[in-house]
Amino acid sequence: MSLRLAAPLLIALALAHVLIQGPPPLGQVLAYGLGHEAADYRMILFRDAALPRTVMALLVGAALGVAGSLLQHWLRNSLASPTTLGIASGAWCALVAATVFAPALAIDGGFWVACTGGLVAALLVLVIVGPRGMAGLPAILAGMAVNLLFGAVAQALVLVENQRVRDLGLWAAGDLQQNGWGEVLTLLPLAACLIAVALLLGRPLALFRLNVEVASGRGLSLALYGPVIAGMAIALTAAAISLVGPIAFVGLLAPNCARLLGARTSVGELFGALVVGAGGLLLTDAIAASVSTVTRDIVVTGVVSPFLGAPVLLLILLRRRLADRRPVAQAVPVTPGIAPHRIVAILAVLGLGLGVLAIFLGRSEAGWVWTSPDSMAVSFRWPRVLTAAMVGVALASGGVVLQTLLRNPLASPEIIGISTGAGFAVAMATVLTGSAIADPRPVSIMGSLAVMCLILFILRRGHHSTLGVIMMGIAAAAMLDAGLAFAISTGGDEVYTFLGWLAGTTIYADANSSLVLLGSVCALGAVLLALARWLDLIALGPEVAGGRGMHVALAQMALFGLAGVLVALATAAIGLAPFIGLMAPGFARLLGAGRARMHLIMAAMIGASLMIVSDWIGRMAFYPIQIPAGPGAAVIGGAYFILVLRRRLS
């Protein structure tokens, strides 16, 4: 990208950005520039709000763009970014935790807190996939797992300490509004120094881009330059997030757009990412400022960026024809030496036993108590237990279908965005209506089916590309995070009611809703069992299935639709319960489930047991405080995901 074109472009965007904010008359600006006092409040707003906001957008966009380019050079991975590697999520979670437990540290040392969180997230991804896995899709999968883990922790903190976290205000949603030049002057020297150093590292970055062996052979010290480059990227990300909050997609899209615009050298790509990041964030913030003038609440930049970034990401992937069609891993069933029907019987007894314990065994002020069947406590507990079990069945069944269709045992409703799409739809409906949704199921189903349609489109254009589907999940997760942050920053008590639901709680379950969910899940499960032969054929490959007379596209659409409705029903019932759709099929496979029918049955039973246990622990572990089942399931499932991914890459 030419400097001659970049400078006028940024100047034009900056002027447009200032004009959108409503500057004072030009005469007042010139008079102030000549030393006169501010004429009225418009000049003060222009001086202390409009201009700092424009400069902050330039700085943050440039910092995130350069951070993404550094990561992509270092890892030789065009999908690496602070968002996809979990760095931004780790930094944000650390700041939320510091706000709750050490407010003074969050205020005085926010940058260092964010750096620590980002570093922990990056190290966790590195531990999961190892140095060799950082250059491929496994690093992105690990980053999504880390995002879900840190997101679950942050969400739990929001629920427990909502009054303190509410004080974070619009910052949590990614806000560029300024009240003076203090934050700009804080970020400017740090970002300028780090970006200048990055532009001087052209040769090391070029060698990293080529190959690790080539870089070592030409005398590049990987042990020195690797941590330096990673540290610079983390520092740039932390500096931006600590001041304006999380803003998605800039670090991912800016380097890719720079290459599409013709950047060929490492320095050229860094400079292009700087310009695209700064200009893109200026444009995004200008749209946010314009929309805010016609809406009830202020719409911040972090909410708008996923809506602009997700379509651009999709276009980039489609332009590349989604060439990465390899599954991440192959699922190999393990035969434990016990007949499958006996395992099913054991799982059934185990599930029933756990259900009985969850209904009758509980805590009170006197300690642990076995409740009598006619107690009022039982009448409140059994709908919750039944709801948890049916949610586990629905998510596990949907996970089996998705893993079979994508031929990837690491796929799950959260990883590819179906659950998050449902949650995002309900979140936005709550914000737009200003009240809690009485029945979130229709909205949830529409959100899930919208994501399903996009996935089907990607699969048809990309010929069963794992990469495209995973990136769709990243886009959906970013949009949900933005929607939740916007809800927290602008909503009232109804938003925190919604957050409690979204975290995976059965507290709102009653007899009628649990029985309706039972009937719906059983009916859809029966249809899936009837179509088990389709799953067996598709598992062999589309070519084999087509050769056996199957209409593959129609079968895929039907099975994807069934999985989407199951996941939507589960999400509507209790909110998000991450990784249940990943763990249950995996455990069933370890128990010897081979054919689709047995896989569905075993996974459904395991999923029900996992959800019953998660819900019971959430109700009893910190009695009388009740913790939603979602964060616990996310922590357990995230650990499982990490172990499985680590094992398959070793």
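Which residues line the second largest cavity? In this predicted model, the lining is made up of L64, P82, T83, A88, T237, I241, I247, F249, V250 and G251. Two elements, α12 (222-244) and α13 (250-260), each give two or more residues to that lining. Sorted by class, the lining comes out as 7 nonpolar and 3 polar residues, with no charged ones. As for the space itself, about 60 Å³ lies in this second largest cavity. The structure holds 4 cavities of 30 Å³ or more. Such gaps can be found by rolling a probe the size of a water molecule over the atoms, which shows where empty space is left.

Helix α22 covers residues 511-530 and helix α25 covers residues 552-574, and their axes come within 11 Å of each other, crossing at roughly 160°. Angles over 145 degrees count as roughly antiparallel, so α22 is roughly antiparallel to α25. The crossing of these two helices is left-handed.

What does α22 bring to the meeting with α25? On the α22 side there are L517, S520, V521, L524, V527 and L528. Facing them, α25 puts in L559, L562, V565, L566, L569 and A573. Taken together, the residues of this contact divide into 11 nonpolar and 1 polar, and no charged residue takes part.

How values were computed:
Residues numbered from 1 in each chain as written. Predicted model: local features only at pLDDT ≥ 70, side-chain atom pairs only at ≥ 80, totals over all residues. Heavy atoms only, no water. 1 Å grid on protein atoms, 1.4 Å probe; cavity = no way out; pocket = protein on both sides within 12 Å on 5 of 7 lines; lining within 4 Å. Points joined across faces, edges and corners; volume = space filled by probe spheres on them. Helix = DSSP H or I, 4+ residues; strand = E, 2+ residues; numbered from the N terminus. Nonpolar A, V, L, I, M, F, W, Y, C, P; charged D, E, K, R; others polar. Axes fitted to C-alpha atoms, helices over the stretch in contact; angles between N-to-C directions. Parallel < 35°, antiparallel > 145°, perpendicular 65-115°, else oblique. Left-handed = near helix turned anticlockwise from the far one by under 90°. Contact = heavy atoms within 4.5 Å.
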